[in-house]
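Have the viewer ready as you read.

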Amino acid sequence: NFNTLFYKMRYLEGSDDINPLVDYVLNHHDNETIFKLGESKINEYVELIYDSNRFDEKYYKDQTNLDMGDKALIKHYIIEGEMLGYNPNHEFDTKYYLENNSDVVLASANAFYHYLTKGISKGKHPIATKSEINKKQQQEDEYKRQAEIIEKSTLFDSEYYLKQYSDVKYTMQNPAYHYISRGYKESKNPSRYFDNNYYMYRYK
């Protein structure tokens with residue numbers, strides 16, 4: 001009854017370090033938590049995906065350890081597999097596609113269905129390119145490098161940061177890393193001795 005990717009895209013876009021379930025439990029009990037597909041729509045998706053001949057039944061079985069017919073496997077992917085992060089074949093990354101096409105995927109309620117009916121014609125990538133992977137890794141390395149620098153300074157106070165901004169502890173991230181990667185963009189101060197907004201106004 002809780003689709004992590006759906007909730008993240010619908011309510012936490014751009015907030016990669018906030019746990020969707022924690023956010024729901026603490027703040028938004030009235031938010032929708034799953035895609036809502038009727039049986040007729042599910043059957044429509046099953047038939048189209050089956051007919052595309054792009055659903056790799058053996059590959060899906062290897063991920064899930066399920067033993068059922070081809071269409072039953074596709075139906076499982078649509079109803080449960082997608083939200084669990086399973087992929088329909090080795091050339092389609094469900095999580096990647098959802099995260100990079102959230103605006104259109106939400107309207108279709110299934111990543112692979114959207115890719116087959118609209119994504120291919122629009123040139124959407126079904127899986128991360130090598131340049132995207134390299135760029136993400138380089139950014140990650142730079143965040144870590146900068147986090148180490150400010151941790152050694154007298155202007156970053158982890159205890160203050162966690163106490164002042166209670167949402168940070170639910171991200172399970174190092175406080176300094178959180179500040180470098182997104183905290184400063186949210187006007188969070190690294191300590192009581194450094195005013196982020198004032199510094200940005202004065203020197204930017």
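## Salt bridges

Arg145 is partly exposed, at a relative accessible area of 43% (buried means under 20%, exposed over 50%, partly exposed in between, with a 1.4 Å probe and protein chains only). This is a predicted model, in which local features need pLDDT of at least 70 and side-chain atom pairs count only at pLDDT 80 or more, while totals for chains, interfaces and linings use all residues. Residues are numbered from 1 along each chain as its sequence is written, and side-chain values use heavy atoms, leaving out hydrogens and water.

Arg145 and Glu142 meet through their side chains in a salt bridge of 2.7 Å, N to O (a side-chain nitrogen of Lys or Arg within 4 Å of a carboxyl oxygen of Asp or Glu). Both belong to helix α9 (residues 130-151), and because they are three residues apart there, about one helical turn separates them. Helices here are DSSP runs of H or I with at least four residues.

## A linked network

Salt bridges link Asp167, Arg182, Glu186 and Lys188 in a network. Within it, Arg182 pairs with Glu186 at 2.2 Å, N to O, and Asp167 with Lys188 at 3.5 Å, N to O. Asp167 lies in the loop between α10 (158-164) and α11 (175-181) and Lys188 in the loop between α11 and α12, so their pair ties together parts 21 residues apart in sequence.

Lys188 is buried at 8% relative accessibility, whereas Asp167 is partly exposed at 31%. Arg182 is buried too, at 14%, and Glu186 is partly exposed at 30%.

Conventions:
Helices (H or I, at least four residues) and strands (E, at least two) are DSSP runs, numbered from the N terminus.
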